[in-house]
Amino acid sequence: MPASLAAEVVRVVLLRLADDLRAERKLAVAAKQQGWDMASVDRPPDAEHRVRNREADLLVIHDSQESLEFGTRMRRNHAELRLGAIVPAHGSDRAAVLLSAGVDEVVSLAMAPAEIAVRLERVVRQAMTPSTASELSFGALVVDPAEGTVILGTSEIPLSRRERHIVEVLVRAGGRTVSRESLYRQVWGYSMARGDRIVDVNVKRIRGKLSPVSGEIQIVTRPGVGYRLHAGDSAAHPSRATDTEEAGI
Amino acid sequence: MAWSDRFHDLFAAAAANAQRAAANVEERFRDYPDTVVSQQDIKDLEHEGDRITTQVHQLLNTEFDTPFGRDDIYMLASSLDDVVDHIEHASDLLGLYRIEAPMAQSLEQCRVLVQATEALSRAIQALHQGRAVEPHLAAVSTLEDEGDQVSRLAVASLFEHEDINPRVIIQWKDIFEVLEQAVDSCERAAHLVGNIVVKSR
């Protein structure tokens, strides 16, 4: 691993369960050993706020249905985030269930803090590995969330943070339609009020910035639904694109 | 009933200024933040409204004979001034709250406001010319009802989901309230025109 990555501080957010301090104590010891920047929150919205603001590399949850649903949603909507879970005892069936549900690593309270630290940090460092792992691409459009760049062909496109995030979501969808509501939730982190045109206005701005160099890449509108990326010959007539599949992200 | 020309000219100018303010704010909302209509443009119209209102007051102080009651003249001038004041306030909130994009319902509300100021202008013109004002007053009243409905549904939409951004709720609730006040001021002015007609019979 490059020295620069080893020097990056891992930011951990623990979503606490009420009245259970054991996990917090174990993680706190691991955090101190590893030099993590750790925060404990009591409510999912507080954890989501940190994730949306890119203040978390690793979200650690307890083994509860509500926490699992929340954690896997965060993991799905934020590809750079890693999800860890704490179970009371090692070797239980719960680890298999959690890993199948989308948790990246499962640790138990029976483990020593050092083992917890190494296991969790390993999945975070793997996510931080540069080059193709952190870059997303759609045709000639390349998004690097870590660097905060959007490059089309050989030109870097100057986008605001919100605009970059919208492009990132569309690139991750890989050409499938993303609804306005889903785009809003992923970029702004809240539900969209009916009539809110923020997504449309931002897409219009992005189109304006892409157009001088867009070539075959277009943002296509699916009326009444949302947007998708399109590359190829039919980019000249994006309004006639007939794709009907939704990303459902 | 015919007015003295000087009072008519001032009321016609105030109504036309309100129309211009409504049209400009509609354009500002539509293209915001990439709009060519600046807050200063709206502010200039608000200043013009203040200037016209001041002239009405000065004329009241110098004219012994007035075409209708002094109180009615004063209140009508104030109501017309209120329309532009509320328009300027709503426009100012766009910048103050750093609105990223207009809500569709706000464009609808601006359209209602434009039509209300147009109907009000026609009512004042009809009053001066001794023609029937009732159709125009009815139009303003209908538009005020429509504006209420637009505003209610817009605010309701802000509370549809539990996790809508609280900042967005605060921003837009305020803006819709002020736009509604502008439309309500049109209706108050229209109501005053109706009172003037009744008193003159």
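Let me begin with a term: a residue is called buried when its relative accessible area is under 20%, exposed when that area is over 50%, and partly exposed in between. By that rule Lys43(B), with a relative accessible area of 27%, is partly exposed. Please keep in mind throughout that this is a predicted model.

Lys43(B) has a partner. Its side chain meets that of Glu46(B) in a salt bridge, with N and O 3.6 Å apart. Both residues belong to helix α2 of chain B, residues 39-62, and they sit three residues apart, about one turn of the helix. Glu46(B), for its part, counts as buried, because its relative accessibility is 10%.

Salt bridges also join up into a network. Those that share partners link Glu48(A), Arg73(A), Arg185(A) and Asp163(B). Over all chains, a search of the whole structure finds 27 salt bridges.

One of these lies within chain A, between the side chains of Arg54(A) and Glu168(A), at 3.1 Å from N to O. Arg54(A) is in the loop between α3 (44-52) and β3 (58-62), whereas Glu168(A) is in helix α7 (residues 161-172), so the pair ties together parts of chain A that are 114 residues apart in sequence. Arg54(A) is partly exposed, with a relative accessible area of 29%, while Glu168(A) is buried, at 5%.

Another is local. Glu115(A) and Arg119(A) form a salt bridge whose closest N and O atoms are 2.9 Å apart. Both are found in helix α6 of chain A, residues 113-128, four residues apart, about one turn of the helix. Glu115(A) is partly exposed at 34% relative accessible area, and Arg119(A) is partly exposed at 26%.

Arg119(A) is also among the contacts of Glu105(A), which include Leu83(A), Leu99(A) and Arg122(A) as well. Is Glu105(A) buried or exposed? Its relative accessible area is 8%, so Glu105(A) is buried. The residue lies in strand β5 of chain A, residues 105-108. Its side chain makes a polar contact of 2.8 Å with the side chain of Arg122(A). Leu83(A) is 22 residues away from Glu105(A) in sequence, and their C-alpha atoms are 6.8 Å apart.

Let me now step back to chain A as a whole. The chain contains nine helices and twelve strands, and 47% of its 249 residues count as buried. Among its contacts with a separation of 6 or more, 56% come from residues 24 or more positions apart.

I turn next to the interface. Chain A and chain B bury about 1500 Å² between them, with 47% of that area on carbon and sulfur atoms. Which three residues supply more than any others of the area that chain A buries against chain B? They are Tyr190(A), Arg194(A) and Arg197(A), which together supply 39%. The contact involves 16 residues of chain A and 20 residues of chain B.

Four salt bridges cross the interface. In one of them, the side chain of Arg194(A) meets that of Glu160(B) at 2.6 Å, N to O. On the side of chain A that touches chain B, α8 (180-188) and α9 (198-210) each supply at least two residues. Of the contributors, α9(A) gives the most, with four residues. The residues on this side of chain A divide into seven nonpolar, three polar and six charged.

Conventions:
Residues numbered from 1 in each chain as written. Chains lettered and ligands numbered in written order. Predicted model: local features only at pLDDT ≥ 70, side-chain atom pairs only at ≥ 80, totals over all residues. Heavy atoms only, no water. Buried < 20%, exposed > 50% of the residue type's maximum accessible area, 1.4 Å probe, protein only. Contact = heavy atoms within 4.5 Å. Buried area = accessible area lost by both parts, 1.4 Å probe. Nonpolar A, V, L, I, M, F, W, Y, C, P; charged D, E, K, R; others polar. Polar contact = N/O pair within 3.5 Å; in protein donor to acceptor, adjacent residues only side chain to side chain. Lists of a residue's contacts leave out its neighbours within four places in sequence.
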